Amino acid sequence: MCERLRKERGIADTRLLAAMEKLPRHWFCTETLLDNLLYDIDRAIKIDCDQTISAPATVAQQTQLLDLQPGMKVLEIGTGSGYQTAILCEMGARVFTIERQHGLFVKTKKLLGQLGYTAKCFLGDGFRGITEVDYGPYDRVLVTCGAPYIPSDVMAQLKTGGIMVIPIGQDSQKMYRIYKEGDTLDQWRQECFGDAKFVPMLEGRNF
Ligand code: SAH
């Protein structure tokens with residue numbers, strides 16, 4: 001899988017490839033799947049609550065775009081299965097992750113703990129970011145669901161000089177990397193990295 005990501009998709013971040021090599025994807029899936037499905041780089045896999053674990057190529061693209069350094073504080077919107085969270089942890093990030101589905105929040109928080117990851121998990125609406133405790137500002141924000149627009153509350157929790165990676169669009173999305181060069185909209189520099197397909201980012205939390 002990593003060989004294909006490197007050769008066919010230009011994934012060059014060695015810490016990312018090492019993390020993906022190390023982490024078996026089946027730990028994060030509910031169904032038992034054959035390896036050729038599990039490690040198909042373009043296949044998203046169903047998890048609980050009608051959600052998906054993103055395709056490996058998508059996970060790799062988003063993570064590489066983050067331009068992550070060890071020790072950085074990362075806010076992830078959409079914990080889902082915890083696969084992406086675990087990769088960020090393996091790469092030395094301090095991860096804060098938020099999920100709106102209660103079932104996934106409970107299950108994934110437990111799984112990440114069992115695997116020894118110290119990511120902090122929150123149940124809530126990612127449009128608001130993390131509101132309980134102020135762990136911010138974050139060096140990086142990674143949105144793993146299709147957002148209708150850039151959530152301004154989350155942007156406010158990103159450091160000036162920080163990066164947000166976010167798929168934007170309703171039914172299908174475009175992948176964006178946003179550089180926050182200041183507090184106002186005109187200081188958010190955007191770069192587009194092509195088409196993407198994610199489950200939608202939904203308002204509110206689901207008990
Ligand atoms: N990073 C996950 C991807 C899961 S799919 C993984 O590696 O498995 C995206 C997730 O975003 C879903 O679990 C969905 O419930 C969640 N989500 C959607 N809208 C959200 C919101 N407003 N706040 C937090 N999570 C949200």
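A polar contact is a pair of N or O atoms within 3.5 Å; within protein, one atom must be able to donate a hydrogen and the other to accept it, and residues adjacent in sequence count only if both atoms are side-chain atoms. The model is predicted: local features need pLDDT of at least 70, side-chain atom pairs count only at pLDDT 80 or more, and totals for chains, interfaces and linings use all residues. Residues are numbered from 1 along each chain as its sequence is written, and side-chain values use heavy atoms, with hydrogens and water left out.

View 1. A backbone N or O atom of Leu-202 lies 2.6 Å from a ligand nitrogen. The protein buries 99% of the 580 Å² that the ligand exposes when taken alone (Shrake-Rupley method, 1.4 Å probe).

**View 2. Helix α4.** Nine of the eleven residues of α4 (residues 56–66) are buried, so the helix is largely enclosed by the rest of the structure. Buried means under 20% relative accessible area, exposed over 50%, and partly exposed in between (1.4 Å probe, protein chains only); helices are DSSP runs of H or I with at least four residues, numbered from the N terminus. Among the buried residues are Pro-56, Val-59 and Leu-66. Asp-67, which follows α4, has a positive phi near 50°.

View 3. With a disulfide taken as two cysteine sulfur atoms within 2.5 Å, the count is zero. The cysteine sulfur nearest to Cys-49 is that of Cys-145, 14 Å away. Cys-49 is partly exposed, at 32% relative accessible area. Cys-89 is buried, at 14%; the closest cysteine sulfur, in Cys-121, is 8.6 Å from its own, too far for a bond.

Key:
Helices (H or I, at least four residues) and strands (E, at least two) are DSSP runs, numbered from the N terminus.
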